[in-house]
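Welcome, and please open the structure in your viewer. We will take it stop by stop, selecting a few residues at a time.

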Amino acid sequence: AHDAVEINCILQAAIDDGYELYFATLTAQSVKKTELRDAIQRYDKGYTAMMRSAACKSIKGALRKLEVTYNSLEDWYHPHIHSVWMVPKNWRRSKDYIDTIKLADIWSKALSGSYAVNAAAQDVRKVKSARREDVLEFAKYPAKSCDYLHSKDVFEAFYFALHGIRLRTYMRVARSYKSQYKHGLLDKYKEPDTTRYYWRSMWLWSQNTAHYNMDKIQALENPITFGTSDTDETGGDESEDAPSD
């Protein structure tokens with residue numbers, strides 16, 4: 001919830017400053033467990049290289065998030081990048097516009113041809129608004145629990161591959177907006193979460209089943225709203241900034 005609020009405020013501020021927003025997804029071939037960490041590191045370096053290339057000079061700011069999914073049928077891991085770009089008005093009509101074909105080309109070059117990049121699998125689309133429900137895709141966790149809790153072996157693969165990796169980065173003017181948010185300068189964009197929670201559950205990891213099992217569930221005497229004085233669970237900042245460009 002905390003991340004979604006922060007991203008919502010940053011994107012709303014960018015819109016008010018005259019930027020258009022585009023949501024881009026960059027993918028490549030899936031990899032095996034032993035290749036996952038190397039692929040993630042190459043993606044990290046490749047994205048930075050891509051953003052520094054002449055082809056991306058019109059992108060004035062960017063938020064980037066790494067995500068990994070798991071295919072249990074094929075035992076493949078699929079790292080990919082979600083990014084929100086802040087671009088000038090009418091970017092789509094300019095010579096600098098990046099469609100999926102162009103994106104696949106510059107992404108493949110940024111990866112130095114290390115992985116097969118399919119143009120049809122890339123995605124670039126305009127963000128219609130920066131409302132919280134529209135940025136949840138970007139704010140969600142880098143891995144789904146249904147994936148990394150599949151088995152102990154898969155959990156370890158996710159843990160060792162993602163440990164110490166920058167999961168979210170802010171580049172160019174996006175870093176300035178992030179700093180403004182930290183100093184309370186974007187508070188006017190905050191939308192209160194009025195969701196009330198009436199139940200609390202506790203889950204414990206079972207070595208026998210290699211899954212989390214519900215240990216207990218209890219009704220709360222006083223319902224709580226996260227991010228308020230009802231609770232101290234306001235979230236934290238797990239992101240790291242990328243070098244400025």
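## First stop: a loop

Select Asn90, which sits in the loop between β3 and α3. Helices (H or I, at least four residues) and strands (E, at least two) are DSSP runs, numbered from the N terminus. The phi of Asn90 is near 60°, a positive value in a residue other than glycine. Most residues other than glycine have a negative phi. Asn90 counts as partly exposed because its relative accessibility is 43%; buried means under 20% relative accessible area, exposed over 50%, and partly exposed in between (1.4 Å probe, protein chains only).

Before moving on, note that this is a predicted model, where local features need pLDDT of at least 70 and side-chain atom pairs count only at pLDDT 80 or more, while totals for chains, interfaces and linings use all residues. Residues are numbered from 1 along each chain as its sequence is written, and side-chain values use heavy atoms, with hydrogens and water left out.

## Second stop: another loop

Now select Ser112, in the loop between α3 and β4 (123–126). Ser112 is not a glycine, yet its phi is positive, about 55°. With a relative accessibility of 62%, Ser112 counts as exposed.

Show α2 (residues 33–51) together with α3 (residues 100–110): they pack at an angle of about 120°, with their axes 8 Å apart. The axes are lines fitted to C-alpha atoms, for helices over the stretch in contact, and angles run from 0 to 180 degrees between N-to-C directions. That angle makes α2 oblique to α3; under 35 degrees counts as roughly parallel, over 145 as roughly antiparallel, 65 to 115 as roughly perpendicular and the rest as oblique.

Which residues of α2 and α3 make the contact? From α2, pick Tyr43, Gly46, Tyr47 and Met50, and from α3, Leu103, Ile106, Trp107 and Ala110. Contact means heavy atoms within 4.5 Å.

Go to His78 in strand β3 (residues 76–87). Leaving aside residues up to four places away in sequence, His78 touches Thr27, Ala28, Gln29, Ser30, Glu67, Val68 and Thr69. Gln29 is 49 residues from His78 along the chain, but their C-alpha atoms are separated by 7.2 Å. The side chains of His78 and Ser30 make a polar contact (3.2 Å).

## Last stop: the whole protein

Zoom out to see 7 helices and 7 strands. Of the 245 residues in the protein, 44% are buried.

Technical notes:
Polar contact = N/O pair within 3.5 Å; in protein donor to acceptor, adjacent residues only side chain to side chain.
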